[in-house]
Amino acid sequence: MILIIIMITITVIYYLIQRERIVRNEKREILKFKQEEKLAELLKMAKEEDLKKKEEQNNL
């Protein structure tokens with residue numbers, strides 16, 4: 001009986017550890033995705049500013 005309780009306890013603890021790892025990885029992936037979106041937006045803004053500066057210089 002004690003062995004069964006020990007096995008169940010080990011299984012539950014293992015499950016909780018694995019679940020925490022999965023949640024951590026998901027959070028990391030979400031953060032990476034958000035950072036990539038921000039970088040893409042910044043790059044787009046920088047390109048637009050460069051185009052405006054080129055147009056201004058061409059007009060001078």
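The mean positions of the 13 positive and 11 negative charges of the chain lie 8 Å apart. Lys and Arg count as positive and Asp and Glu as negative, with His and the chain ends not counted; each charge is placed at NZ of Lys, CZ of Arg, CG of Asp or CD of Glu. This is a predicted model, in which local features need pLDDT of at least 70 and side-chain atom pairs count only at pLDDT 80 or more, while totals for chains, interfaces and linings use all residues. Residues are numbered from 1 along each chain as its sequence is written, and side-chain values use heavy atoms, with hydrogens and water left out.

**Overall form**

- The secondary structure amounts to one helix and zero strands (DSSP runs, H or I of at least four residues for helices and E of at least two for strands, numbered from the N terminus).
- The chain is more spread out than a compact globule, because its radius of gyration is 26 Å, well over the 10 Å that the globule rule gives for 60 residues (taken over C-alpha atoms; the rule is 2.2 Å times the number of residues to the power 0.38).
- Along the principal axes, the C-alpha atoms fill a box of roughly 90 × 5 × 5 Å.
- Ile30 and Lys52 are 22 residues apart along the chain, and their C-alpha atoms are separated by 33 Å.

**Exposure**

- Of the 60 residues, 0% are buried (buried is under 20% relative accessible area, exposed over 50%, partly exposed in between, with a 1.4 Å probe and protein chains only).
- The accessible surface is about 6400 Å², and carbon and sulfur atoms hold 63% of it (Shrake-Rupley method, 1.4 Å probe; for residues, only the protein chains shown count as cover).
- Ile30 sits in helix H1 and is partly exposed at 48% relative accessibility.

**Surface patches**

- Patches consist of residues with over 30% relative accessible area and no salt bridge, joining like charges within 9 Å and nonpolar side chains (Val, Leu, Ile, Met, Phe, Trp, Tyr) within 5 Å; a salt bridge is a side-chain nitrogen of Lys or Arg within 4 Å of a carboxyl oxygen of Asp or Glu.
- A nonpolar patch is formed by Ile2, Leu3, Ile6, Met7 and Ile10, with about 550 Å² of accessible area together.
- Ile2 belongs to helix H1 (residues 2-59) and is exposed, with a relative accessible area of 63%.
- A patch of positive charge gathers Arg21, Arg24, Arg28 and Lys32.
- Arg21 also lies in helix H1 and is partly exposed, at 44% relative accessible area.
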